[in-house]
Amino acid sequence: MEPEDATRDLSKLVVAQRGMLRSTGDPFEPFQLLDETGAVVEAVSAYLRELQACGRPASTQRSYAMDLLRFFRFLWALGVPWNEATRVEARDFCTWIGLVDKPPLQRHDGSSSKPRSSRGASRGGAPNALTGKATPGVKYAPATVAHAETVLRSFYEAHLEAGSGPMVNPFPLSRSRGVGRAHAHHNPMEPWRPERSGRYRPKVPERIPRHIPDEHFDRLFGGLSSHRDRALVALFCSCGARAAELLGACCGDVDPGAQLVTVIRKGSRAFQQLPASPDAFVWLRLYQAQMEGLVSMAADEPLFWTLRRPFRRLNYHAARAMFARANALLGANWTLHDLRHTAAYRMARDPQMPLTDVQWVLGHAHLETTQLYVAPSAADVIASVRSHHARRDDQAPVLAAPEYRAESLAVLFKRPAR
């Protein structure tokens with residue numbers, strides 16, 4: 001039972017944007033969580049070292065550290081040390097983060113942008129008229145809340161094993177879940193069942209992969225302003241690699257003769273050769289000819305560079321900004337990951353390409369994940385229903401009233417007399 005004084009008025013709680021996540025540039029400690037005094041939060045650093053020892057990349061460590069920063073700011077506002085947090089604080093945090101507005105974005109100069117609700121996104125979450133995808137809302141998405149709950153439960157579990165945290169994990173497992181590891185007795189012949197492992201983990205809506213239709217893709221591709229951007233988008237839509245995988249490729253990873261590009265897979269970190277379309281390598285060669293003499297094209301040098309000096313490896317944020325500018329010309333909100341969905345949709349809809357080949361190209365561990373691309377999209381269903389109504393309208397018999405001749409009605413409605 002919870003204590004009687006555990007009830008807090010979360011509506012009056014003010015969580016200040018104290019502390020920060022600092023990038024160190026040190027490969028052995030890529031990120032550090034600092035409190036309001038600038039001191040390193042050692043509990044978080046120890047957890048990040050555990051993640052690094054388990055083979056988690058720096059991008060994963062940053063994602064986990066951002067969730068921890070939100071939770072520590074919440075605890076600092078309550079005045080509760082992290083190692084004295086109970087299930088009451090865990091419950092209140094999951095309630096709070098699911099209801100509050102996201103804070104303003106912090107610029108590089110330290111200033112804050114306008115509140116998200118006043119930047120033309122007051123109806124955040126409304127679907128885009130062209131793509132049907134929801135726009136970012138002013139609240140934290142359920143997937144963000146679920147990710148935070150998982151990270152915090154793992155954080156306290158690691159300190160519980162090390163003996164440096166509370167004796168009971170503040171983020172408990174769900175009451176409906178059985179004892180033991182999740183999916184411990186899963187039958188490989190049956191599909192995976194969704195299993196809620198955290199008690200305070202919210203329900204996350206099922207994501208439907210959205211591809212870019214061919215007619216919109218042609219307009220989007222025509223709005224790209226450089227050979228580099230055309231080569232990048234063409235490779236995304238033909239090899240199906242993730243954005244980080246392709247942006248991490250080097251010049252020696254491309255084999256134009258065999259039409260192959262080698263990437264390092266996100267999960268397994270294994271090298272894998274992926275086939276791409278011939279036109280993608282044509283755009284790539286035009287881009288390389290344009291950059292010849294400006295950047296090094298040695299085998300271990302980046303494949304894609306920034307277009308402005310000083311030339312640097314093109315990172316994910318710069319590529320996303322490039323794609324956002326192309327989207328703005330159409331009024332769309334597609335993402336770089338939608339290019340991967342587009343490649344998967346095209347391959348899965350080819351009757352001469354086995355679905356297991358698509359699974360290999362995409363790097364999915366389970367065939368059930370690849371089967372998502374076999375399901376019809378919303379645009380396909382709408383077009384199919386419209387065709388159904390048109391066929392029924394053409395086949396509907398003309399019912400002649402007693403005072404009209406069937407031949408006259410047939411001529412009027414341009415249908416054969418019944």
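This is a predicted model: local features need pLDDT of at least 70, side-chain atom pairs count only at pLDDT 80 or more; totals for chains, interfaces and linings use all residues.
Phe 72 and Trp 76 form an edge-to-face aromatic pair. Their ring centres lie 6.0 Å apart, with 70° between the planes. Both residues belong to helix H2, which spans residues 58–78. They are four residues apart, about one turn of the helix.

Phe 93 and Trp 96 sit in helix H3, residues 87–97. Being three residues apart, they are separated by about one helical turn. Their ring centres are 6.1 Å apart. The planes meet at 35°, so this pair is tilted. Both residues are buried.

How many aromatic pairs does the whole structure hold? The search finds 16. One aromatic cluster includes Phe 72, Trp 76, Phe 93 and Trp 96. Also among its members are Tyr 47, Trp 82, Phe 155 and Phe 171.

A charged group also meets a ring. Arg 346 lies over the face of Phe 217, at 4.9 Å from the ring centre.

## Cysteines

The disulfide count is zero. Cys 250 is in no disulfide. Its nearest cysteine sulfur belongs to Cys 251 and is 7.2 Å away, whereas a disulfide needs the sulfur atoms within 2.5 Å.

Is Cys 250 buried or exposed? Cys 250 counts as buried, because its relative accessibility is 16%. Cys 94 is buried too, at 12%.

Methods: Residues are numbered from 1 along each chain as its sequence is written. Side-chain values use heavy atoms; hydrogens and water are left out. Buried means under 20% relative accessible area, exposed over 50%, partly exposed in between (1.4 Å probe, protein chains only). Rings of Phe, Tyr and Trp (its six-membered ring) pair if their centres lie within 6.5 Å; planes under 30 degrees apart count as stacked, over 60 as edge-to-face and the rest as tilted. Helices (H or I, at least four residues) and strands (E, at least two) are DSSP runs, numbered from the N terminus. A charge sits over a ring if NZ of Lys or CZ of Arg is within 6 Å of the ring centre and within 35 degrees of the ring normal.
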